[in-house]
Amino acid sequence: MEHKRLKLYAYLDARDHQRTYLAIMRLFTSTLLADLSAGEVAGALAGQEREGRVEQGESRIENVINRLKQLVEWGNLVQGRREVVAASIAEFQHGSVRYQVSKLAVRVQRDVDELLRVPEGAREVSRELLPAIERGLNELGGSLSVALLNEGDRTRELLAERVTTLFLQHAELAATVRDFYAYLGQVVTRNHLAPEEIAGFRNLLVEYIQRVVEDVLKYTPPIAEALAGLTKARTELLRLLGTDLGHNVERARGRTPEDWQELTDWFVDRPGRPSQVTALREATARAIGSLLASVKRATSGGGLLPGRRAELLKLAKWFDTSTREQAHEIYASAFGLYSSRHLSPAPEHDSDNERTPWRDGPVCDVTVSVRTRGDRGGRGRPSRILDDPMTEQSLLAEAREADEIRARHVAELTKAAGNLENTTLTHGALEVFCELLTLAMAQRDSPNDSGSASDPVRGLELEIARGTTTRIRSAAGTLTLHDATVALKR
C-alpha cells in the first residue's frame with residue numbers, strides 16, 4: 001500500500017516530460033469534479049505550449065494520450081466513459097474516454113503548489129492562535145454542557161463547529177512552529193555567517209523567539225487545565241459528534257480519541273514523552289547556543305581575518321564565469337596543484353585516476369583550519385600519559401577482590417564434586433559451573449560425543465557425556481540437563 005501511494009509522486013521527478021505532467025495535474029486540480037477527455041487536455045496544453053511553459057509537440061493528441069495513460073498507471077488519474085456524439089471513430093475514441101483525478105493525487109498536487117509558493121525565509125509563528133485555542137476550549141466546555149442537557153441538532157452543530165475550529169487553529173499553530181524551527185535549524189548550524197546575517201539572526205532569536213516562547217509558556221497552563229477538564233467528558237463529546245459514515249471515510253479532526261490525545265500531548269508532558277512545548281523550549285536553547293558559537297567563531301582572532309567565506313565565494317564566482325581552460329588555470333593558481341611527475345611509487349588507488357578531470361573527481365572535505373585561516377599545518381600534539389597511582393591501586397584492589405570471589409566459588413564446586421545433585425549451589429558458584437558447562441558443550445559435535453573444560457588457574461575440570469537426566473540445584477532455581485551426565489573433578 002505504501003509503495004503504491006508513493007508512486008503518486010513519480011510525475012514530479014519523471015525523467016522526461018516533467019513539465020507536461022505538472023501542467024496536466026494542475027489542469028485537473030484547478031476545478032472541482034474535473035472530467036476531461038484527451039482532446040480537451042490537448043487544447044489546454046496548446047496554449048501553454050505557445051507560451052513556452054511546456055515543450056514543443058506536447059499538445060499533440062497522441063502525446064497527450066501517452067501522458068494521460070502514464071498518469072493513470074501511477075495512480076494520479078482514473079479512467080471513465082461518457083456517451084458522446086462524434087463524427088468519426090477517432091473523435092469517438094478521444095472523446096468517450098474521460099479522465100478524473102484521484103483523491104490522493106489532489107492532495108499531492110495541492111501540497112506541491114503550496115511548496116512552490118513558499119518563500120525561502122522564516123515563516124511567522126501564529127502566536128495569536130494561542131489565546132484563541134484557550135477561549136475555544138473554555139467555550140467548548142460550555143457547549144458540551146448545553147449539548148448534554150439538550151441533545152438537539154442545533155446544539156450538536158454548535159459543538160461540532162467549536163471542535164472543528166479548535167483543531168484547525170491548533171493545526172495551523174503547530175505547522176507554523178515546525179516550519180519556523182526547521183528554518184532556524186537550517187541557518188544556525190552553518191559554519192560561517194556574514195556579520196549582517198549574525199545581526200539579523202541575533203534579533204530573530206533574542207526578540208522574536210523570546211516573544212514566541214513567552215506566549216507559549218503563558219498560555220500552556222490554562223490550556224492544559226482546560227484539556228484536563230474535558231478528559232472525563234471526552235467519551236460523551238465523541239458520542240455527540242459521532243456520525244455513522246463508514247470506516248472508509250476520512251473524518252474531520254477531533255472526532256477520534258487519538259486526535260484529542262495528540263492535542264493533549266502537544267501541551268502536556270507524559271512520563272517518558274515530553275510535550276512539544278518542552279521540545280520548543282529545548283530547541284530555543286540549542287538555537288541560542290549555536291548562534292553564540294557562530295558569533296565566537298566569526299569574531300575570534302585566530303588569523304588575519306575572522307573567516308575566508310568572502311574569498312571562497314569570490315573564487316566560486318570566478319569558476320562560474322570562466323571557460324574550461326581558465327577554470328584549470330584558476331584551480332592550479334588557487335590551490336597550488338600544478339602538473340607534476342611522480343618520482344616515487346604510485347599511491348594506492350582511491351577511486352580516481354589521471355584521466356578524471358578535477359571537476360569530476362571525488363569531493364574532498366576542507367578542514368576548519370584551512371577554511372577559516374588558510375592554514376594547512378597540523379594542530380596540537382599527543383597528550384602525555386599521566387601516572388595515576390591512586391587509580392592503579394584501585395584497579396589492582398578490584399582485581400584481587402574478583403580473584404578471591406572466584407576462588408571461593410571454585411572451592412565450593414570442588415567440595416560439591418562428589419555429591420553434585422544433592423548440593424545447593426550459590427549464585428556465584430552456578431555462574432562458574434555454567435561457564436565451564438558452556439565451554440565443554442562447545443566441544444561436542446553431536447549429543448553422543450563428550451566434552452570437557454577446566455579452570456586454567458585452579459584446575460577444576462568439568463566433563464559432560466551422554467547419559468541420564470542431571471539436575472543442578474541452586475539458590476536461583478534448578479538447572480535440568482536432559483540426556484547428559486556431568487562430573488566435576490580436580
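What pLDDT does the chain average, and what share of the residues score at least 70? The chain of this predicted model averages a pLDDT of 80, and 80% of the residues score at least 70.

**Confidence along the chain**

Confidence is highest in helix H2 (residues 18-29), with a mean pLDDT of 92, and lowest in helix H5 (residues 89-96), with a mean of 55. Over residues 301-306, pLDDT stays under 50. For that stretch the model has seven contacts beyond four places in sequence.

**The largest nonpolar core**

The largest nonpolar core has 44 residues. Those that touch the most other members are Leu137, Leu159, Leu173, Tyr181, Ile223, Trp260 and Phe267.

| H8 | 153-188 |
| H11 | 257-267 |

Ile223 shows what surrounds one member: leaving out residues up to four places away in sequence, Ile223 touches Leu130, Ile133, Glu134, Leu137 and Phe267. Apart from this core lies another, of 28 residues, which includes Val54, Leu68, Tyr99 and Ala105.

**An aromatic pair**

A pair of aromatic rings is described by the distance of the centres and the angle of the planes. The structure holds four aromatic pairs. One of them is formed by Phe167 and Trp260, with 5.0 Å from centre to centre and 90 degrees between the planes. Planes over 60 degrees apart count as edge-to-face, and the pair of Phe167 and Trp260 is edge-to-face. Phe167 lies in helix H8 and Trp260 in helix H11, so the pair links distant parts of the chain, 93 residues apart. Are these two residues buried or exposed? Buried means under 20% relative accessible area. Phe167 has a relative accessible area of 2%, so Phe167 is buried. Trp260 has 1%, so Trp260 is buried as well.

**Helix H16**

What span should helix H16 (residues 389-415) have? The expected span is 1.5 Å times one less than the number of residues. Helix H16 has 27 residues, so the helix should span 39 Å; its end C-alpha atoms are 39 Å apart, which agrees.

In helix H16, His409, Val410 and Leu413 are buried. An α-helix has 3.6 residues a turn, so residues three or four places apart point the same way. The buried residues of helix H16 pack against strand E4 (424-425), helix H17 (427-441) and strand E9 (485-489).

Methods:
Residues are numbered from 1 along each chain as its sequence is written. This is a predicted model: local features need pLDDT of at least 70, side-chain atom pairs count only at pLDDT 80 or more; totals for chains, interfaces and linings use all residues. Side-chain values use heavy atoms; hydrogens and water are left out. pLDDT is the predictor's confidence in each residue, from 0 to 100. Helices (H or I, at least four residues) and strands (E, at least two) are DSSP runs, numbered from the N terminus. Contact means heavy atoms within 4.5 Å. Rings of Phe, Tyr and Trp (its six-membered ring) pair if their centres lie within 6.5 Å; planes under 30 degrees apart count as stacked, over 60 as edge-to-face and the rest as tilted. Buried means under 20% relative accessible area, exposed over 50%, partly exposed in between (1.4 Å probe, protein chains only). A nonpolar core is a set of buried Ala, Val, Leu, Ile, Met, Phe, Trp, Tyr and Cys residues joined through side-chain atoms within 4.5 Å.
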